[in-house]
Amino acid sequence: MELVEAIQQIYALPMDELDRLVRITERIQLEKNNILIDKDKTAKYIYFLTEGICRIYYPKEQKEAVLDFCFPGDSILSLNSYIHGTPGYEIVDTLENCVLYRIPVSKLQRLYNQSLPIANWGRKLAELETLKIEQRLMQTLFKTAAERYGDLLTKEANVVQRIKLGYIASYLGVTQVTLSRIRAEIK
């Protein structure tokens, strides 16, 4: 998914407003194992992933708790940084070589003050990100690990070939042994 499609998927902007938003956007390429957003730091950008996979996780004592994976078409941001301008809790890193578009939050905030359609786009972005968090919470509370694994496969069929099984197990909240059992039952 390319940038314009990703932007318009959030909230359809008139062409002149879309052009204003695209002008402050920068295309970047990152190699595998780069940190995009770091914990305890205020994220200066929001991102749109067009190629590759990223992982959102929280360091927890001696291990990592994987919150989600990002695939092409996804937006990536720290809600704390985006809404409050404060450091976030999460780390986002690249699991593959990635192509992303980034928008500086400071320039985006200026556009919000100048353009009602772009301000509405930004509100819709925050709403959609909040809904993603709610969906993840509902999955964790009401679905089994096997059901969540099935949902992940539906979202990205070849996920097992592209993401380490330890990361997938952490995402599901199970051990790698349990993940192996789930995978065997699905085959």
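**Reading the terms**

Mentor: Four strands make up an open sheet, ordered β2-β7-β4-β5, with antiparallel pairing. Keep in mind that the model is predicted.

Trainee: What makes β2 and β5 the edge strands?
Mentor: β2 (35-37) and β5 (63-70) each pair on one side only.

Trainee: How do you know that β2 and β7 pair?
Mentor: Pairing takes at least two bridges between two strands. β2 and β7 (residues 91-94) have two bridges, in the antiparallel sense, so they count as paired. The bridge partner of I37 in β7 is V92.

Trainee: Which helix packs on the sheet?
Mentor: That is α8, which touches β4 (54-60) and β5. The direction of α8 makes about 90° with that of β5.

Trainee: Why are the buried residues of α9 said to line one face of the helix?
Mentor: L179, I182 and R183 are the buried ones in α9 (residues 176-186). Seen down the axis of α9, the buried residues fall within an arc of 100°, so they line one face. They pack against α6 (145-155), α7 (159-162) and α8 (165-172). The face turned away from them carries V177, R181, A184 and E185, which are exposed.

Trainee: Which residues touch the most other members of the largest nonpolar core?
Mentor: In that core of 23 residues, they are L21, I46, F48, Y82, I103, L108 and W121. Another core, of 20 residues, lies apart from it, and I182 is among its members.

Trainee: What does I46 touch?
Mentor: Leaving out residues up to four places away in sequence, the contacts of I46 include I76, Y82, L108 and W121.

Key: Residues numbered from 1 in each chain as written. Predicted model: local features only at pLDDT ≥ 70, side-chain atom pairs only at ≥ 80, totals over all residues. Heavy atoms only, no water. Core = buried A, V, L, I, M, F, W, Y, C linked by side-chain atoms within 4.5 Å. Buried < 20%, exposed > 50% of the residue type's maximum accessible area, 1.4 Å probe, protein only. Contact = heavy atoms within 4.5 Å. Arc of directions from axis to C-beta. Axes fitted to C-alpha atoms, helices over the stretch in contact; angles between N-to-C directions.
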